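Here is a short report on one protein chain. Look at the fold as a whole, then follow the text into its details.

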Amino acid sequence: MNVALFSDSYFPTKSGVVTVVVQLRKILEKMGHHVVIVTVDAENSSEPQEDDECILRVPSIQAPMGDNQFVGDPFEIASLMCVNFCKKHDIQIVHAHTEFSLGHLARVVGRRLNIPVVATTHTMWEDYYKYYLKTGKIIPKRVVRRLVHAAYKHFYALINVSQKAHDYFKAPFILPSTPSVVIPNAIDMELFEKRTTDAAEVLQIKEKFGITDSDKIILYVGRIVEEKRIVELLDVLIRVVEKDDKKKVLFVGDGFALKKLQERVVELGLEKKILFAGFVDWLKLNAYYELGDVFVTASLSEMHSMTILEAMCLSLPIVCRYDTSFTDTVFHGENGYFANSDEEMDSYIIKILEDDQLRQKMAAKSKELSKNFTLDLHGERTLRFYEAVQAKFPEKITDQELRTAVYGK
């Protein structure tokens with residue numbers, strides 16, 4: 001099968017969506033299929049772009065939401081480029097990983113080539129938009145819902161990455177009649193596990209941050225931005241470390257809120273207990289996960305967290321706020337805990353850190369559960385989704401037909 005993946009995020013940008021697109025291309029090609037990428041031109045990025053004849057980059061401008069973020073030109077020149085590129089590669093199905101400019105271009109290609117266009121829902125915009133629009137806090141939720149409805153209504157079918165995404169898009173005010181199925185994100189477990197950690201590298205990190213063998217490390221990996229409720233998470237972790245000198249926090253990641261967090265930590269005199277690694281290349285993350293004793297997040301805006309999958313793959317217990325985006329990865333009392341409030345997170349984190357037997361049991365369970373999210377499984381499910389869509393198009397397909405095709409039930 002010849003597949004085109006459209007995305008407003010791709011290398012050199014680094015994000016969960018980029019990881020999903022890269023991994024999907026990898027597994028589909030491994031299965032013998034031809035995959036092309038249509039994405040933004042990030043030539044003004046601080047990092048170089050890869051040269052690949054199977055990647056088309058459309059003219060783009062810098063986006064307002066951060067470094068190395070771009071928005072593609074959705075107009076006629078870009079449309080013609082995309083149509084010709086997909087025609088050249090004899091594309092049979094278009095899979096959009098964005099609802100924005102590249103999502104529009106994906107739909108244009110579908111109409112002109114008369115092929116199905118499907119999309120994966122990656123972002124919960126009701127939770128996300130207010131952090132990037134200056135007027136976000138006064139835009140009524142109903143307006144955001146109308147925009148989401150308008151952005152997704154022309155896709156033939158949807159892949160939802162979690163039950164949370166499925167329930168939201170099936171709501172009466174979004175797209176209850178658009179066919180969809182849940183296919184969770186995956187992790188390239190083989191690649192991640194192969195990145196062996198050098199003991200000297202771990203020791204070097206410990207020395208850099210003043211971490212001793214007796215310290216218990218609370219780990220956060222991800223973007224340091226407000227929509228992840230990173231400020232609220234810091235409040236939780238301040239309360240935890242103030243009670244015990246041997247409990248320390250390591251934030252791994254970069255983002256708009258990093259400076260704000262660092263300044264707060266300095267004001268409280270907790271620089272030796274709450275540590276910031278900044279951006280770390282994905283290839284070097286294993287060493288940081290190895291340092292961790294428990295992985296934490298207070299985010300309520302996830303669709304399906306890639307960093308939680310990584311933490312599980314590398315045997316870390318999880319403590320998070322209860323959210324349906326986590327209900328297939330975190331099982332309360334088995335591989336971690338769901339907290340119903342920020343204040344409740346404190347006791348769960350402390351409980352895991354102060355009970356080595358419990359921590360080891362939960363770590364082993366995380367590893368076991370991570371096997372439900374392998375790249376091979378993800379590729380097989382997505383391919384069965386594509387095949388069902390192709391077989392039915394242009395007639396309408398049902399939710400049940402998609403579920404039966406993907407899961408056999």
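Two strands count as paired if DSSP finds at least two bridges between them. Keep that rule in mind. The model shown is predicted.

**A pair of strands**

Start with strand E7, residues 117-121, and strand E8, residues 157-160. They run parallel, and 4 bridges join them. In general, strands of a sheet pair through backbone hydrogen bonds, in either a parallel or an antiparallel way.

**The sheet around the pair**

E7 and E8 belong to an open sheet of 7 strands. Its order is E3-E2-E1-E6-E7-E8-E9, and the pairing is parallel. Which strands stand at the edges? They are E3 (55-58) and E9 (180-182). Each has a single partner strand, so one side of each is left without a neighbour in the sheet. On average, neighbouring strands of this sheet are turned by 20 degrees against each other, direction ignored.

**The whole chain**

Now step back. The chain has 16 helices and 15 strands. Its C-alpha trace spans about 65 × 45 × 45 Å along the principal axes. How does the radius of gyration fit a compact globule? A compact globule of 409 residues would have a value near 22 Å. The chain has 22 Å, so the two agree.

What share of the residues counts as buried? The figure is 56% of the 409 residues. The chain exposes about 18,200 Å². Carbon and sulfur atoms supply 52% of that area.

Contacts also reach along the sequence. Take those between residues at least 6 apart in sequence. Of these, 69% join residues at least 24 apart.

A search of the whole structure finds 0 disulfides. Cys54 is in no disulfide, and its nearest cysteine sulfur is that of Cys86, 11 Å away.

Are Cys54 and Cys320 buried or exposed? Buried means under 20% relative accessible area. Cys54 has 11%, so Cys54 is buried. Cys320 has 0%, so Cys320 is buried too.

| Cys54 | Cys86 | 11 Å | 11% |

Note on methods:
Residues numbered from 1 in each chain as written. Predicted model: local features only at pLDDT ≥ 70, side-chain atom pairs only at ≥ 80, totals over all residues. Heavy atoms only, no water. Helix = DSSP H or I, 4+ residues; strand = E, 2+ residues; numbered from the N terminus. Axes fitted to C-alpha atoms, helices over the stretch in contact; angles between N-to-C directions. Rg over C-alpha atoms; globule rule 2.2 N^0.38 Å. Buried < 20%, exposed > 50% of the residue type's maximum accessible area, 1.4 Å probe, protein only. Contact = heavy atoms within 4.5 Å. Areas by Shrake-Rupley, 256 points an atom, 1.4 Å probe, with all protein chains shown as cover. Disulfide = S-S within 2.5 Å.
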